[in-house]
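Subject: A structure for you to look at

Hi there,

Here is the structure I promised to pass on. Please open it alongside this note, and my findings follow below.

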Amino acid sequence: MTVPLRPELVGLEPYGAPQYNVRARLNVNENPYSPPNAVVDAISTAVHKAAEGLNRYPDREFAALRADLVHYLAVESTAGFLRAENIWAANGSNEVMLHLHQAFGGPGRKVLSFAPTYSMYPEYSRDTVTDYVTLPRRADFGIDVPAAVEAIRELQPSLVLLASPNNPTGTALPLDDTRAIYAATEAVREGCVLVIDEAYAEFRRRGVASAISLIPELPNLAVSRTMSKAFALAGGRLGYLAASAEVVNALRIVRLPYHLSSVTQAVARAALAHFRQLQAQVHEIRAERDDTVDWLREQGFTVADTDANFALFGPFADREKVFKGLLERGVLIRVTGPEGWLRVSIGTAQEMALFRNALLEVTG
Ligand SMILES: *Cc1c(COP(=O)(O)O)cnc(C)c1O
């Protein structure tokens with residue numbers, strides 16, 4: 001007897017970025033700094049309080065958490081126009097994305113995205129039996145807007161997915177491009193939701209805008225965020241999005257009952273109450289990123305412009321060999337992006353020094 005695995009899943013491997021205990025873990029874009037002690041204490045106290053009520057199901061609508069997210073976005077993205085009804089949250093933005101596909105994708109429907117991009121996008125499509133279609137990005141990893149507009153007209157997708165800053169390239173999408181692509185989605189006959197995945201938004205350089213500012217103008221725009229990166233809370237599993245109440249209400253239909261545990265809600269709320277302390281290192285990480293990019297370019301590598309906490313660099317005739325050489329020296333990075341490129345997450349100054357030394361040894 002074999003298990004009746006869906007034929008399209010036969011032979012596939014589950015998502016599995018390595019989790020090795022090496023000196024410099026620079027492969028999944030985590031924040032390298034542990035939460036500060038004061039925040040750890042606040043989280044512990046909040047979890048203790050939540051534990052006293054664990055005999056009850058959590059607040060399905062996570063009203064208090066939504067209010068905290070409204071407050072955070074009002075401060076971080078000057079988005080004072082958002083209300084609780086504009087906020088959705090789930091166990092990581094990966095689950096938010098799955099909800100978007102469950103609500104707006106499905107058999108006979110198409111998702112359009114722009115490669116190279118986040119490796120999970122085709123998996124949400126596969127799991128919801130939606131067609132995943134990509135257009136290539138330009139050589140500078142920006143979006144070819146006229147080609148995107150044309151593809152939207154031809155394909156009539158029900159979802160368009162754009163990561164900004166994009167993973168693995170670090171490329172941010174200018175607001176004018178977002179507006180132009182949205183305008184094309186408005187002509188999709190059965191309706192289309194434009195999703196901007198802003199997992200790395202807090203790392204953007206000065207002067208780079210968040211698409212959240214467009215929400216009042218664009219009712220079918222959804223902007224997804226996460227506490228996994230800038231918040232140093234990847235283990236907490238809290239992602240969220242901001243959109244019109246109509247988009248959010250559609251996601252409420254497909255979520256599992258009580259999908260956000262009381263413990264998750266308590267952890268996220270305690271972290272949000274301390275967001276400035278948790279994000280104290282964001283400036284440092286950005287500075288370290290810019291230094292890393294400059295250094296790589298001085299060594300003669302090509303580096304994609306990045307607004308995220310990682311950099312895509314190359315080219316290498318044998319990138320696997322470079323990856324392995326670094327790993328032998330205790331530096332774990334990621335083989336991703338177009339052939340010949342590698343991605344390094346920005347760690348502490350010490351970790352980046354290890355990375356630079358190891359890279360010189362391996363390529364020298
Ligand atoms: C890391 C990342 C996320 C975050 O996923 P979580 O489930 O919130 O941890 C989302 N989108 C992109 C493009 C990412 O790189």
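Let me start with a spot in the loop between α4 and β4 (131-136), which is where Val 129 sits. Helices (H or I, at least four residues) and strands (E, at least two) are DSSP runs, numbered from the N terminus. Val 129 is not a glycine, yet its phi is positive, at about 55°. For context, most residues other than glycine have a negative phi, and most peptide bonds are trans.

A word on the basis of all this: the model is predicted, so local features need pLDDT of at least 70 and side-chain atom pairs count only at pLDDT 80 or more, while totals for chains, interfaces and linings use all residues. Residues are numbered from 1 along each chain as its sequence is written, and side-chain values use heavy atoms, with hydrogens and water left out.

Two cis peptide bonds are also worth a look. One joins Ala 115 and Pro 116, with omega at about 0°; Pro 116 lies in the loop between β3 (110-115) and α4 (121-127). Another runs from Gly 314 to Pro 315, with omega near -10°, and Pro 315 belongs to the loop between β10 and α11 (319-328).

Now the domains. The assignment gives domain 1 (17-33 + 281-363) and domain 2 (38-277); such bounds come from an automatic or database domain assignment. Their C-alpha centres are 26 Å apart.

How much area do domain 1 and domain 2 bury between them? The figure is about 1800 Å², with 55% of it on carbon and sulfur atoms. Buried area here is the accessible area (1.4 Å probe) that two parts lose on being put together, summed over both. Of the area that domain 1 buries against domain 2, Arg 286, Asp 307 and Phe 310 supply 31%, more than any other three residues.

In terms of contact (heavy atoms within 4.5 Å), 22 residues of domain 1 meet 21 residues of domain 2. There is one salt bridge between the two domains, a salt bridge being a side-chain nitrogen of Lys or Arg within 4 Å of a carboxyl oxygen of Asp or Glu. Asp 307 also forms a salt bridge with Arg 205, where the closest N and O atoms are 3.0 Å apart. On the side of domain 1 that touches domain 2, the elements giving two or more residues are α10 (282-298) and β10 (310-314). Of these, α10 gives the most, with four residues.

Across the whole structure, a search finds 21 salt bridges. One of them pairs Asp 68 with Arg 269, with 2.6 Å between the closest N and O atoms. This pair links distant parts of the chain, since Asp 68 is in helix α2 (residues 63-76) and Arg 269 is in helix α8 (residues 262-273), 201 residues apart.

Finally, the ligand. The residues around it (a heavy atom within 4 Å) include Gly 92, Ser 93, Asn 94, Tyr 118, Asn 167 and Asp 197. A polar backbone atom of Ser 93 is 2.7 Å from an oxygen atom of the ligand.

Definitions and conventions:
Polar contact = N/O pair within 3.5 Å; in protein donor to acceptor, adjacent residues only side chain to side chain.
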